[in-house]
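This briefing is for a reader who is new to the structure. Please look through the sequence and the model before reading on.

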Amino acid sequence: MPRVHHSLSNQAFLVLLLFSSIASAAIVEHVLHVKDVVVTPLCKEQMIPIVNGSLPGPTINVREGDTLVVHVINKSTYNVTIHWHGVFQLKSVWMDGANMITQCPIQPSNNFTYQFDITGQEGTLLWHAHVVNLRATIHGALIIRPRSGRPYPFPKPYKEVPLIFQQWWDTDVRLLELRPAPVSDAYLINGLAGDSYPCSKNRMFNLKVVQGKTYLLRIINAALNTHLFFKIANHNVTVVAVDAVYTTPYLTDVMILTPGQTIDAILTADQPIGTYYMAIIPYFSAIGVPASPDTKPTRGLIVYEGATSSSSPTKPWMPPANDIPTAHRFSSNITSLVGGPHWTPVPRHVDEKMFITMGLGLDPCPSNAKCVGPLDQRLAGSLNNRTFMIPERISMQEAYFYNITGVYTDDFPDQPPLKFDFTKFEQHPTNSDMEMMFPERKTSVKTIRFNSTVEIVLQNTGILTPESHPMHLHGFNFYVLGYGFGNYDPIRDARKLNLFNPQMHNTVGVPPGGWVVLRFIANNPGIWLFHCHMDAHLPLGIMMAFIVQNGPTRETSLPSPPSNLPQCTRDPTIYDSRTTNVDMSY
């Protein structure tokens, strides 16, 4: 901010302050071309949809306060949307990019422009397709730096390095919709499989470092369905942010990231000159399901300046693939940086309390079909015994804005329909148990008042098998007040909640056979999706949506949709009669 002489009037000071704020912001513009391209990460050529010819897609760099304008041109053979994962989208919910929730998809040979402000956030996020399975290949980093002249709340690093972890299949991405989805063939670091896989021996991500320098690793788990452990041989790192929220510096030698999570960590090149492997391996959290014995690490290299090529890289000791204690220790030890940029204290008064059970169940196998799930049925997902059905004819947000009925119901329950020992399931289930095993299929939402504080206890269940589910809330960060195993006890466990400096996330892994407690302020009107970020669980229906009602002013109300918002259909009974309370039941 410029120096201001004390004799200036209050009005002149405010004008200068406003000018300083405007001058520090910019309009950042990008064009994303989505095309089907042949790539060969392993041995087999594969035609996949990617952005601007690269895997991962381009990194988008902005500063807090900037306006981001992204023109998406769909030249692929797929319907596409782009979701700006973790961005608040304050007053711009139409730009959230959730397919059939806030918009209809961008169809082949069509385009759409996303435009929104980046407000109150700094750190690493990601952008990705939000049509089932396409984010396997359509994704990239979204890096938000502080406004010009404002420092990081830690010493400035020598260099910043994005590390994007990916999951790869040597198959058509359309086949990933199968139930169950096929097992992936490899994992990638910045698009490279490394020397653990055939045909990839000489294709490995290399980070060249100078001894004594510090590096800010901007780490993104863009894998479709898998949590990942990450380590660097003989090196510790200091975590300074998660999900674009600054943290109390946390020293560790191992990290765990759920799909969609990001970590900013400072690496100091403080080891003897040489080469060191960095490695990721999948974390299999499903209790009672053995981890694959042939799980290979995907590796990259830390290469010190002056290292000779003759020396063999030092390998890290990786945790077992089913190491729940290590994963829980890391996830539960992060705390927020009190007083840091954009930090806000935990709201103490709670207006809405919800207890949501989550996990897998079954869907009756259609007649004359053969299903490969348990009890010869199909798998289904469940939140409070509801399997979410994604609308097919119009987006939920348009239905809400234009008062079109028959698209969703406003009755998502605050509690599960039945209380039982959530973390266990009997070998010989009762009729009540069977009722919970087959959830109701419904598109249901929970409506909450503008600016109300919502607290959610997410309880993992043992129906079929408990496993960690990464739950992602669009449009908001939430405080993670506590983690635990077993059934949540509202008296015993409530006393342990962290109301001083809890970590904040947009995506959180619910421990297998355990629980987390979340709290957020519903200060952004519109429809916001809340779902498991393992894409294999999207068609299974582990999701629901919140409707945040309008506030008292125009500035706190849902704006009109942009004139070029993609349409799902040319059916005139939908788009020519939007204000006449059309019934779209089907």
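Is His 128 buried or exposed? His 128 counts as buried, because its relative accessibility is 1% and the cut-off for buried is under 20%. The model is predicted. The points below go from the whole chain to a group of annotated histidines, then to a neighbouring arginine and to one of the sheets.

**The chain as a whole**

- The chain has 586 residues, and buried residues make up 57% of them.
- Its secondary structure consists of five helices and 32 strands.
- The accessible surface of the chain is about 24,400 Å², and carbon and sulfur atoms account for 53% of that area.
- Of the contacts between residues at least 6 apart in sequence, 79% link residues at least 24 apart.

**The annotated histidines**

- The UniProt record gives the feature "binding site" at His 85, His 128 and His 533.
- These positions are spread over 449 residues of sequence, yet they cluster in space, with a largest C-alpha distance of 11.8 Å.
- His 85 belongs to strand β5, which covers residues 82-85, while His 128 is part of strand β7.
- His 85 is buried because its relative accessibility is 0%, against a cut-off of under 20%.
- The side chains of His 85 and His 128 are joined by a polar contact of 3.3 Å.
- Apart from residues up to four places away in sequence, His 85 touches Leu 125, Leu 126, His 128, Gly 260, His 472, Asn 506, Thr 507 and His 533.
- With neighbours within four places in sequence left aside, the contacts of His 128 include His 85, His 533 and Arg 135. Thr 81, Ile 82, His 83, Ile 138 and His 139 are also among the residues in contact with His 128.

**Arg 135**

- Arg 135 sits in the loop that runs between β7 (123-129) and β8 (139-145).
- A polar atom of the Arg 135 side chain lies 3.1 Å from the backbone oxygen of Ala 223.
- The Arg 135 side chain also reaches the backbone oxygen of Leu 224, at 3.0 Å.
- Residues up to four places away in sequence not counted, Arg 135 touches two of the annotated positions, His 128 and His 533. Other residues that Arg 135 touches include Ala 129, Ala 222, Pro 259, Met 534 and Asp 535.

- In which order do the five strands of the open sheet lie? The order is β11-β19-β18-β13-β16, and the pairing is mixed.
- At the edges are β11 (206-209) and β16 (255-257), each of which pairs on one side only.
- From one strand to the next, the twist averages 20 degrees.
- Strands of a sheet pair through backbone hydrogen bonds, in either a parallel or an antiparallel sense.
- The pairing of β11 with strand β19 (residues 298-304) is parallel and extends over four bridges. Within this pair, Leu 207 has Ile 302 of β19 as its bridge partner.
- Helix α2, residues 324-333, lies across β13 (227-232), β16 and β18 (275-283). The helix runs at about 90 degrees to β16.

Key. Residues numbered from 1 in each chain as written. Predicted model: local features only at pLDDT ≥ 70, side-chain atom pairs only at ≥ 80, totals over all residues. Heavy atoms only, no water. Helix = DSSP H or I, 4+ residues; strand = E, 2+ residues; numbered from the N terminus. Polar contact = N/O pair within 3.5 Å; in protein donor to acceptor, adjacent residues only side chain to side chain. Contact = heavy atoms within 4.5 Å. Buried < 20%, exposed > 50% of the residue type's maximum accessible area, 1.4 Å probe, protein only. Areas by Shrake-Rupley, 256 points an atom, 1.4 Å probe, with all protein chains shown as cover. UniProt positions renumbered as here; feature names shortened; annotations may be inferred. Pairing = 2+ DSSP bridges. Axes fitted to C-alpha atoms, helices over the stretch in contact; angles between N-to-C directions.
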